[in-house]
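Me: I have a sequence and a model open side by side, and I would like to go through them slowly. Could we take it one question at a time?

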Amino acid sequence: MASILLALSSSPETPAGQRALALAGSLADQGHALTLCCLQDAVLLGSTRASNEARAALDRLLDRGARCLVLGEDLALRGLRAGPRASALDYPGFVAALAGDHARVIGAL
């Protein structure tokens with residue numbers, strides 16, 4: 001299946017964030033290779049302070065082969081640190097991920 005980058009900007013606790021996670025789950029169910037790029041409030045998903053529900057949703061995706069990237073600057077602005085299964089990137093690394101070799105890039109704001 002296709003490699004898809006899903007750019008997330010809403011906290012996983014909001015209705016928009018929950019819809020984004022549901023979309024990610026649906027894409028994973030279809031067999032797509034997912035990369036979750038979390039910025040703004042979505043960095044909470046990949047942080048050490050994610051809620052149990054958000055952490056469980058992310059773990060399900062990661063166990064199915066998804067990757068979670070978080071923008072380090074947005075983590076720092078919120079006083080957060082990347083969780084053990086997320087990779088923090090600086091701006092150049094994040095832009096490189098967004099411009100990488102994916103069949104599709106989807107914004108789930």
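Me: Where in the chain does His 32 lie?
Reply: Please keep in mind from the start that this is a predicted model. The helix α1 covers residues 15-29 and the strand β2 covers residues 33-38. His 32 lies in the loop between α1 and β2.

Me: Is His 32 buried or exposed?
Reply: The relative accessible area of His 32 is 9%. A residue counts as buried when this value is under 20%. Because its 9% falls under that cut-off, His 32 is buried.

Me: Which residue has a side chain joined to that of His 32 by a polar contact?
Reply: Leaving aside its neighbours within four places in sequence, His 32 is in contact with Met 1, Ala 2, Ile 4, Leu 27 and Arg 104. The polar contact, at 3.4 Å, is made between side chains, and the partner of His 32 in it is Gln 30.

Me: Which strands stand at the edges of the sheet?
Reply: Five strands form an open sheet with parallel pairing, and their order is β4-β3-β2-β1-β5. The strands β4 (87-89) and β5 (104-108) each have a single partner strand, so one side of each is left without a neighbour in the sheet. From one strand to the next, the twist averages 25°. The strands at the edges are therefore β4 and β5.

Me: Which residue of β4 is the bridge partner of Leu 69?
Reply: Strand β3, made of residues 67-71, pairs with β4 in the parallel sense, and three bridges join them. In β4, the bridge partner of Leu 69 is Ser 87.

Me: What angle does the direction of α4 make with that of β3?
Reply: Helix α1 packs on the sheet, where it touches β1 (3-8), β2 and β5, and its direction makes about 175° with that of β1. Helix α4, residues 91-98, also packs on the sheet and touches β1, β2, β3, β4 and β5. The angle between the directions of α4 and β3 is about 140°.

Me: How many residues does the largest nonpolar core have?
Reply: In soluble globular proteins, nonpolar side chains tend to be buried together. In the largest core here, the residues that touch the most other members are Leu 8, Leu 34, Leu 36, Cys 38, Leu 45 and Leu 61. The elements giving two or more residues to this core are β1, α1, β2, α2 (52-63) and β3. The number of residues in the largest nonpolar core is 28.

Me: What phi does Gln 40 have?
Reply: The place of Gln 40 is in the loop between β2 and α2, and with a relative accessible area of 41% the residue is partly exposed. Although Gln 40 is not a glycine, its phi is positive, with a value of about 50°.

Me: How many residues apart in sequence are the parts tied together by Asp 41 and Arg 78?
Reply: Asp 41 forms a salt bridge with Arg 78, in which the closest N and O atoms are 3.0 Å apart. Asp 41 lies in the loop between β2 and α2, whereas Arg 78 lies in the loop between α3 (72-77) and β4. Asp 41 is partly exposed at 40% relative accessibility, and Arg 78 is partly exposed at 31%. The pair therefore ties together parts whose separation in sequence is 37 residues.

Terms used. Residues are numbered from 1 along each chain as its sequence is written. This is a predicted model: local features need pLDDT of at least 70, side-chain atom pairs count only at pLDDT 80 or more; totals for chains, interfaces and linings use all residues. Side-chain values use heavy atoms; hydrogens and water are left out. Helices (H or I, at least four residues) and strands (E, at least two) are DSSP runs, numbered from the N terminus. Buried means under 20% relative accessible area, exposed over 50%, partly exposed in between (1.4 Å probe, protein chains only). A polar contact is a pair of N or O atoms within 3.5 Å; within protein, one must be able to donate a hydrogen and the other to accept it, and residues adjacent in sequence count only if both atoms are side-chain atoms. Contact means heavy atoms within 4.5 Å. Two strands pair if DSSP finds at least two bridges between them. Axes are lines fitted to C-alpha atoms, for helices over the stretch in contact, and angles run from 0 to 180 degrees between N-to-C directions. A nonpolar core is a set of buried Ala, Val, Leu, Ile, Met, Phe, Trp, Tyr and Cys residues joined through side-chain atoms within 4.5 Å. A salt bridge is a side-chain nitrogen of Lys or Arg within 4 Å of a carboxyl oxygen of Asp or Glu.
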